[in-house]
Amino acid sequence: FWEMCCDLKRRFLLLYATQKGQAKAIAEEIWQQAGAHGLEADMHCISEMDKYNLETEKDPVVIVISTTGTGDPPDAARKFVKKIQDTTLPPDHFAHLQYGLLGLGDSEYTFFCNGGKTVDRRLQELGAQHFYNTGLADDCVGLELVVDPWIDGLWLALKEAFLLQKEKEGMSSDTVSSSLSAAPHVGHELNLSSEVQNLKLEDERVRSSDVLTQKLVDIHLVASTRDTEPSLVHSVPPVSQSALSIPALPPEYIEVQFQDTHGENPHLSSLISEGTTFEVPVTKAVQLTREDAIKTALLLELDIADTVFDYQPGDAFCVICPNNVNEVEELLHILGLSEKGEYFVCIRVKEGTKKKGAAHPQHIPERSTLKFILTWCLEIRAIPKKAFLRALVECTSDAGEKRRLQELCSRQGASDYTRFVRDSNVCLLDLLHAFPSCKPSLNLLIEHLPKLQARSYSVSSSNLYQPGKLCFVFNIVEFPACPARPISRKGVCTGWLAELVAPLLHPNKNTLDTKGGSSSTEKISIFARPNNNFHLPADPSVPFVMVGPGTGISPFIGFLQHRQKLREEHTDWEFGETWLVFGCRHQDRDYLDELRCFLENGTLTHLKVCFSRDSSTAEVAPPKYVQDVIRLYAKEIARVLLKERGYFYVCG
């Protein structure tokens, strides 16, 4: 504690821009730790531009910003980015500003951490100074590998930034440095007040069994000698024998009250803030892969004729999907709330909660049933964050299980967390099975489970070619069973869609055929998710290359349908050449017939296919993957791109 008396609480501005809640959670962690370091973080979402002003900001600024899509800043940061991108701003516009930035991203995407990098680069161009090195955290290996050390180092950097700031303000530097570093020669009174502060903190610590940032948990549980391999539920030395530093216990902030069973649940459209939702029937379903294929690909056709839903080939759209019914039932059962599923619940923010900016979660309706919340609002399949594990420790009665949960959320257990929770795709239900003495309360789930996100898919059709229809293609996602999860699971949305359209795929299976075909048409709710760059060239004479391995082919089917229609309707236009590079595991795929038709009628100039799992007896092995094909035709593709200024599309 280098802060001495209360009036020395130094302020810094803390801004976050989040898409799915990660950046916000990290900012909240910084806010919480700041208090323990005698600092005050003035925390705001970057979109709340009326609450802060970087033009006049004198204190240090800390920014936590994620990345969305293929490299865009989060939606919340759009206005902010637009404002700082203004080309008329002078190069010393932010010369007064000291900042530290933490970017979040995923290195599986080309534009890693681009949200953070964009803001960082622009602030630098406008004269702002770093008081601390930029951190770029990678969700692919685990954000915490960068986030934790970055936050650890932040406090010293802030301390130095404050000293620098004081010097600028012209106060004699020695008094500041001495009061900040709690040098022993400072007056006795000052030391006393710090002692009192510490005691008060100690007392609070004991009272709420809360932790400042590090709480050393020292429990030696004797492991039986035969278990030498670590697993989700079992640890081995050194982790099993080390003292642990675990995160602070996140304060509870939600109260749940059960009401009656009368009334209607909200309409799904009320859950979506991103625009208009449309409820549309599924009119056709085709399985594109053979029964013995490793992945099952389905094509679904939606009827959008009665809606104003519009799209261009290359657009994506979102499907609002529910959680699996059985998983919801199972969760209710474990929570001891099986009887309460149909009850309406009222959710309120706890009075006097210690959580900063505690608010009613926006993704939970004011009034709905418990089952509705677990089915449509909460991502019950989310990989539990360490803060959630930390909270679950408190609901676990068995000492061994408690210790293991502590290990999984600790610094010392970081690689166990990555291996057994993150990489194994473990969800809350898996944890509750693995740690049967853990009995969380409903409010904890509402506090820690993120919003159930709508799932986005590429459109695989053209409105010009099939008016009033929208097609899309997907693989049914499979999470195989593993030691941490005794059963296999399907993807939330793809599994639900597959179940929904099963009658369309196998019409003869135990459905009594009424007159006029299928007995009932299933409907799904969708909304548009337009993009601005994955579209056909505006000028039809420009050549282009499309690369689509696996279901990555789907937007290109839409491109080609559209193109075929344009060629039929405008015989006088000049059309550039088109290349399609398609790769899949085996030759006998249904796609190929449709693709060959495009080739025969001239819509497609070149079709190049490769099969990664088919064995070949040819002298020169044929290309296995799309990149091999590109290498094989390097000269032609270079000509299209460099000489003819063509377009290059990749979808995977």
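Trainee: Hi! Is R485 buried or exposed?

Mentor: Hello! In this predicted model, R485 is buried, with a relative accessible area of 3%.

Trainee: Which residue forms a salt bridge with R485?

Mentor: That is D430, and the closest N and O atoms are 3.6 Å apart. The pair links distant parts of the chain: R485 sits in the loop between β17 and β18, while D430 belongs to helix α12, 55 residues away. D430 counts as buried too, at 3% relative accessibility.

Trainee: Nice. How many salt bridges does the structure hold?

Mentor: There are 30. One of them pairs R11 with E57, with the closest N and O atoms 2.8 Å apart. R11 lies in strand β1 and E57 in the loop between β2 and β3, so this pair ties together parts that are 46 residues apart in sequence.

Trainee: And are those two buried or partly exposed?

Mentor: R11 is partly exposed at 25% relative accessible area, whereas E57 is buried at 8%.

Trainee: Switching topic: why does E301 have no salt bridge with K284?

Mentor: K284 is the nearest side chain of opposite charge, but it is 4.3 Å away, and a salt bridge needs the nitrogen and oxygen within 4 Å.

Trainee: Where is E301 found, and what is it in contact with?

Mentor: E301 is in strand β11, residues 297–303. Beyond its sequence neighbours within four places, its contacts include P281, V282, K284, Q466 and C471.

Note on methods. Residues numbered from 1 in each chain as written. Predicted model: local features only at pLDDT ≥ 70, side-chain atom pairs only at ≥ 80, totals over all residues. Heavy atoms only, no water. Helix = DSSP H or I, 4+ residues; strand = E, 2+ residues; numbered from the N terminus. Buried < 20%, exposed > 50% of the residue type's maximum accessible area, 1.4 Å probe, protein only. Lys, Arg positive; Asp, Glu negative; His and termini not counted. Contact = heavy atoms within 4.5 Å.
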